[in-house]
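I opened the model to look up its aromatic side chains and one of its pockets. My notes follow in the order I made them.

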Amino acid sequence: MMGPPVLRPVRLVLFGAPGVGKGTQAAFLQERVGVPHVSTGDMLRAEIRAGTPQGERARAIVESGRLVPDELISEMIGVRLRSVDVAKGFILDGFPRTVGQAEYLDGALRDLGKALDAVINLDVPAALVADRLAGRRVCPSCGASYHIRHKAPRVEGRCDNCGAVLGVRADDAVEVVRGRLEVYERLTAPVLEYYRSRGRLRDVNGIGTPEEVAERIDRVVASLNGS
Ligand code: AMP
């Protein structure tokens with residue numbers, strides 16, 4: 001694996017449409033920065049797998065590609081932000097997804113005497129996004145994510161971490177993807193303006209290999225001043 005963290009701890013949001021590579025980049029970045037990757041999608045899928053009341057409430061919504069209610073997801077993230085391991089920093093992936101969630105996040109951080117360092121917007125053309133989602137494979141056991149061409153597992157169809165048989169996310173089915181992209185445009189894209197107008201947004205070109213994109217993100221993170 002990689003060595004010790006080389007970038008100072010930060011509070012970041014990795015932002016972008018479904019399929020731009022947020023999860024892949026957040027997983028890289030957590031090694032480089034030494035702070036946890038917090039993915040609301042992963043948290044929800046874990047609740048669904050475990051069959052908790054929150055998971056049962058979210059299951060049909062997640063599988064159909066709609067957004068779970070702001071109050072459910074904000075409560076989950078509120079609890080997570082108070083955990084000890086995120087005291088120094090975090091990389092949020094998949095949250096906030098509505099302007100209401102962005103306002104909630106600002107308030108929750110303010111209550112903790114903290115603030116976001118930056119929101120990194122991964123910019124990828126729609127055609128590439130569709131290809132990335134169609135080729136995505138995930139591990140049902142540990143949640144690791146792959147792509148059949150761009151990020152293939154060492155053994156075809158098997159997870160590198162735990163050896164489980166890889167599957168396809170229910171919400172990556174072509175007809176569901178169309179709805180997720182529509183939800184992104186209607187409810188999530190307005191969050192960009194929220195952060196742009198507050199001077200928090202950094203655009204990063206998301207085209208290229210995962211390593212190329214990671215280098216661009218590293219440069220942005222290295223340029224952030226202390227908070
Ligand atoms: P992701 O893994 O980020 O693509 O999230 C998968 C699904 O989980 C989304 O399509 C939503 O149904 C749900 N989800 C994840 N994060 C949020 C959020 N911040 N707000 C509402 N729903 C969410």
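Are F15 and Y184 buried or exposed? I looked both up in this predicted model, and F15 is buried, as is Y184.

Entry on aromatic pairs. I counted two aromatic pairs. One of them joins F15 and Y184, with 6.3 Å from centre to centre and 50° between the planes. I noted this pair as tilted, because only planes over 60 degrees apart count as edge-to-face and those under 30 as stacked. I then checked where the partners sit: F15 is in strand β1 (residues 11-15) and Y184 in helix α7 (residues 174-188). The pair links distant parts of the chain, 169 residues apart.

I went on to Y194 and Y195, which form an edge-to-face pair, 5.1 Å centre to centre with 90° between the planes. Y194 and Y195 are both buried.

Entry on charges over rings. I found the charged end of R198 over the ring of Y194, 3.7 Å from the ring centre. Y194 therefore has an aromatic partner in Y195 and a charge over its ring. I also found the charged end of K151 over the ring of Y146, at 5.8 Å from its centre.

Entry on the second largest pocket. I read its volume as about 170 Å³. How many residues line this pocket? I listed 14, and A17, V124, V129, Y184 and E185 lie nearest the centre. Y184 is also the partner of F15 in the tilted pair. The elements β4 (118-123), α6 (126-134) and α7 each supply at least two lining residues. I sorted the lining by class and got ten nonpolar, two polar and two charged residues.

Methods: Residues are numbered from 1 along each chain as its sequence is written. This is a predicted model: local features need pLDDT of at least 70, side-chain atom pairs count only at pLDDT 80 or more; totals for chains, interfaces and linings use all residues. Side-chain values use heavy atoms; hydrogens and water are left out. Rings of Phe, Tyr and Trp (its six-membered ring) pair if their centres lie within 6.5 Å; planes under 30 degrees apart count as stacked, over 60 as edge-to-face and the rest as tilted. Helices (H or I, at least four residues) and strands (E, at least two) are DSSP runs, numbered from the N terminus. Buried means under 20% relative accessible area, exposed over 50%, partly exposed in between (1.4 Å probe, protein chains only). A charge sits over a ring if NZ of Lys or CZ of Arg is within 6 Å of the ring centre and within 35 degrees of the ring normal. On a 1 Å grid over the protein atoms alone, a cavity is a set of points where a 1.4 Å probe fits but cannot get out, and a pocket is an open set with protein on both sides within 12 Å along at least five of seven lines; lining residues have an atom within 4 Å of a point. Grid points are joined across faces, edges and corners, and a volume is the space filled by probe spheres set on the points. Ala, Val, Leu, Ile, Met, Phe, Trp, Tyr, Cys and Pro count as nonpolar, Asp, Glu, Lys and Arg as charged, and the others, Gly among them, as polar.
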